[in-house]
Amino acid sequence: DVQSLTLRAEDWRTSQAAQEQAIAAQSAYEAYCRGEQLPAPAYYQRMCPHRNDLIAVYQLVQRMPMTVQQICTALQSKGMNRCRARMIADIFSELNLLSFDVVTETLSKLPVTQKRELDESESYRKIWALAKEAAS
């Protein structure tokens, strides 16, 4: 009686296109942070988080810490992209509503100490103004 072993291997790497898109998004975010003009006005609109985006990310992170990539994956069907997720991380970090570890790109919850308004965030006001300008 002969026994045989069957092995199934799967490649879980992101596709080349997805990898290139992630690199381009990271480059756009970094250029924005350096104050450089982005190649097209549409970039600002795609980076600008809407109220629903902010709520969704805040609720996700309340359950457990999440990386920017996990947030993008979880909210992809709602239009989340890497640049927008990083903007949200910046906004929440600036308002001390969530903690953001730049090395691991992980958002974690913080104890709620006070109610904060989005307009208190310089990052939010800036991207919102640029997105609004790009739309007109």
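Author: What follows is a set of questions and answers on a predicted model.

Reader: How do you know how confident the predictor is in this chain?

Author: The score runs from 0 to 100. The mean pLDDT of the chain is 89, and 94% of its residues reach 70 or more. Among the elements, helix α1 (residues 16–33) has the lowest mean, 82. Strand β3 (residues 106–109) has the highest, 96.

Reader: What makes β2 and β3 a pair?

Author: Pairing needs at least two bridges. β2 and β3 are joined by four, so they pair, and they run antiparallel. Leu-98 stands opposite Lys-109 in β3. Asp-101 has Thr-106 in β3 as its bridge partner. The two strands form a hairpin with four residues between them. In the turn, Glu-105 has a positive phi of about 55°.

Reader: And how do you know that β1 and β3 pair?

Author: The cut-off is again at least two bridges. β1 and β3 have two bridges, so the pairing stands, in the antiparallel sense. Met-66 has Leu-107 in β3 as its bridge partner.

Reader: Why are β1 and β2 called edge strands?

Author: The three strands make an open sheet in the order β1-β3-β2, with antiparallel pairing. β1 (66–67) and β2 (98–101) each have a single partner strand, so one side of each is left without a neighbour in the sheet.

Reader: Which helices lie on the sheet, and at what angles?

Author: Helix α3 (residues 51–63) lies across β1, β2 and β3 and runs at about 75° to β3. Helix α5 (residues 82–94) packs on the sheet as well, touching β2 and β3. The direction of α5 makes about 125° with that of β2.

Reader: How do you know that α5 and α6 meet?

Author: Contact means heavy atoms within 4.5 Å. Met-87, Asp-90, Ile-91 and Glu-94 in α5 meet Glu-122, Ser-123, Tyr-124 and Ile-127 in α6. By class, this contact has four nonpolar, one polar and three charged residues.

Reader: What makes a residue part of the lining of the largest pocket?

Author: A lining residue has an atom within 4 Å of a pocket point. The largest pocket has 20 lining residues. Gln-21, Ala-22, Ala-25, Asn-81 and Arg-82 lie nearest its centre. The elements giving two or more residues are α1, α2 (42–47), α4 (68–74) and α5. α1 gives the most, with seven. The volume of this pocket is about 650 Å³.

Reader: How does that lining divide by class?

Author: It has ten nonpolar, eight polar and two charged residues. Ala counts as nonpolar and Arg as charged, so Ala-22 and Arg-82 fall in separate classes.

Reader: What lines the second largest pocket?

Author: It has 13 lining residues, of which Arg-51, Phe-92, Leu-97, Arg-116 and Leu-118 lie nearest its centre. α3 gives the most, with four residues. By class, the lining has eight nonpolar, one polar and four charged residues. Arg counts as charged, so Arg-51 and Arg-116 are charged members of this lining. The volume is about 360 Å³.

Methods: Residues are numbered from 1 along each chain as its sequence is written. This is a predicted model: local features need pLDDT of at least 70, side-chain atom pairs count only at pLDDT 80 or more; totals for chains, interfaces and linings use all residues. Side-chain values use heavy atoms; hydrogens and water are left out. Axes are lines fitted to C-alpha atoms, for helices over the stretch in contact, and angles run from 0 to 180 degrees between N-to-C directions. On a 1 Å grid over the protein atoms alone, a cavity is a set of points where a 1.4 Å probe fits but cannot get out, and a pocket is an open set with protein on both sides within 12 Å along at least five of seven lines; lining residues have an atom within 4 Å of a point. Grid points are joined across faces, edges and corners, and a volume is the space filled by probe spheres set on the points.
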